[in-house]
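Reader: Hi, I have a model open and I'm new to this. Can you walk me through it?

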Amino acid sequence: MSSLPEMTHAAATDRVSREALFEGLLRIGDSALILGHRVSEWCGHAPALEEDIALANVALDLIGQTQLWLELAGTVEGKGRSADDLAYLRDAWDFRNLLICERPNGDFGHTLMRQFLFDAYHHELLKGLSASSDPRVAEIAAKAGKEVAYHLERSSDLVVRLGDGTEESHRRMQEALEALWPYTGEMFLRDDKDAELADAGIAPDPASLRPAWERTVREVMTDATLQVPDSTFAHKGGKQGIHSEYLGYILAEMQFLQRAYPGASW
Amino acid sequence: MVAATRPSEEQIWAWLSELPDPEIPVISLTELGIIRSVEWQDDTLVVKVTPTYSGCPATSVINLDIETALRRRGVRKLRLERQLTPPWTTDWISAEGREKLRAYGIAPPVDGTAADGVAAGRIARMTGARVTVACPRCGSTDTERISQFGSTPCKASYRCQDCLEPFDYFKCI
């Protein structure tokens with residue numbers, strides 16, 4: 001690599017602690033990884049061939065973005081860990097993904113609702129990150145942002161089609177929205193590490209993303225004839241490594257090969 | 001012994017223009033716009049390549065193809081660098097590249113129609129009103145989108161209402 005990343009690396013760690021930057025990158029990368037893995041579970045099972053292909057491609061985009069985020073996280077950490085090391089050789093308590101990303105797929109409508117709620121947040125997050133004071137963060141965010149804008153269009157289209165569809169599809173989408181709603185609040189909670197990154201201009205304050213997210217969600221739910229729940233209760237802990245039981249099962253499948261055959265490559 | 005001469009950067013570009021994209025072999029890597037620069041740094045040739053989609057599985061094959069081709073031409077010291085900025089856009093697909101895509105049966109990207117994630121007008125887009133994609137076989141613009149994704153991350157699936165053929169559309173990004 002050229003000398004530029006080294007220089008900016010020094011500059012970025014002047015502004016924030018290495019630990020905060022590493023944690024912040026894990027939060028972004030792990031959410032993309034775990035959701036990407038969840039969505040990939042649909043491969044071969046979607047209700048129509050076109051949807052199967054589409055879900056697999058969304059998963060592929062997310063896993064590609066994960067590679068970029070975790071590679072940078074490994075560089076920032078400075079212990080020689082690669083993106084693969086971070087993805088395959090950490091245990092559940094070291095993962096920093098949002099809890100919504102590890103929720104089970106449920107039916108197709110449930111998966112699409114989870115995707116939409118996350119895409120609307122992811123899109124705003126990447127917009128903020130593309131203005132990061134750390135150019136390495138900004139360039140990954142700009143790249144990923146183009147892909148996620150497309151994800152958001154797709155998931156919002158489908159949420160509207162299914163919400164404003166048949167009686168059964170409407171019922172299933174409303175149930176999905178109610179089941180997933182308590183997992184959206186975590187996106188906008190901030191702790192000391194978020195504050196440190198926001199103060200240094202490296203990442204947007206999570207709370208600042210909420211108004212735009214809510215606008216998008218309410219507009220799409222209105223088109224979809226779905227009722228946004230009133231509850232503000234939020235499950236939390238994923239960003240600090242406190243996960244639901246589901247993450248363990250995801251990791252058991254995702255990490256099996258590297259655990260059983262350490263260093264295997266092809 | 002003849003002194004080893006360094007091939008010119010123009011020569012390198014010419015060699016790279018012979019390399020097909022692994023997934024859409026009618027178009028070359030240079031026509032796709034993913035080779036961002038070719039430069040000698042002292043005795044090392046530095047080729048900067050930008051990924052189309054961040055998860056595109058062709059990326060590693062592309063790098064291997066570039067390395068294999070240049071080494072076969074005698075380039076000994078070679079470094080491939082990934083360049084993310086500015087992010088790749090379909091605007092960089094050359095005019096010749098677009099024509100080759102069409103002739104191959106893939107509708108080329110309609111410029112200026114990239115997703116922006118803005119919620120307004122979502123319903124209009126849902127019905128496909130925003131993008132008019134011409135059928136690469138019969139030229140009809142009476143086409144409909146079947147799926148936002150196709151056989152690779154860079155494509156969407158369409159169907160022509162006139163000749164009834166399904167086709168891939170190289171979506172705008």
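Reader: OK. How many helices and strands does chain B have?

Author: Chain B has five helices and seven strands. From the N terminus, the order is α-α-β-β-α-β-α-β-α-β-β-β.

Reader: Which strands of chain B form the open sheet, and in what order?

Author: Four strands do, in the order 4-7-6-5, with mixed pairing. Strand 4 (106–107) and strand 5 (143–147) of chain B are the edges, each pairing on one side only.

Reader: What holds paired strands together in general?

Author: Backbone hydrogen bonds, in either a parallel or an antiparallel arrangement.

Reader: New topic. What domains does chain B have?

Author: The assignment gives domain 1 (9–82) and domain 2 (93–170). Their C-alpha centres are 27 Å apart. The contact between them takes 11 residues from domain 1 of chain B and 11 residues from domain 2 of chain B.

Reader: What kinds of residues are on the domain 1 side of chain B?

Author: Six nonpolar, three polar and two charged, on the side touching domain 2 of chain B.

Reader: How much of chain B is buried?

Author: 33% of its 173 residues count as buried. The C-alpha atoms of chain B fill a box of roughly 70 × 35 × 25 Å along the principal axes.

Reader: And the largest nonpolar core? Which residues touch the most other members?

Author: Leu25(A), Trp69(A), Ala73(A) and Val159(A), in a core of 104 residues. Helix 3 of chain A (residues 49–77) gives the largest share, 13 residues. Domain 1 (9–82) and domain 2 (93–170) of chain B each supply at least three residues to this core.

Reader: What is Ala73(A) in contact with?

Author: Leaving aside neighbours within four places in sequence, Ala73(A) contacts Phe22(A), Leu25(A), Leu26(A), Gly29(A) and Leu86(A).

Reader: Last one. What pLDDT does chain A average?

Author: An average of 94, with 95% of the residues scoring at least 70. Residues 1–8 of chain A are below 50, and that stretch has six contacts in the model beyond near neighbours in sequence. Where pLDDT is low, the predicted coordinates should not be read in detail.

Key:
Residues numbered from 1 in each chain as written. Chains lettered and ligands numbered in written order. Predicted model: local features only at pLDDT ≥ 70, side-chain atom pairs only at ≥ 80, totals over all residues. Pairing = 2+ DSSP bridges. Helix = DSSP H or I, 4+ residues; strand = E, 2+ residues; numbered from the N terminus. pLDDT = per-residue confidence, 0-100. Contact = placed C-beta atoms within 7 Å. Domains from an automatic or database assignment. Nonpolar A, V, L, I, M, F, W, Y, C, P; charged D, E, K, R; others polar. Buried ≥ 20, exposed ≤ 12 C-beta atoms within 10 Å, placed from the backbone. Core = buried A, V, L, I, M, F, W, Y, C linked by C-beta atoms within 7 Å.
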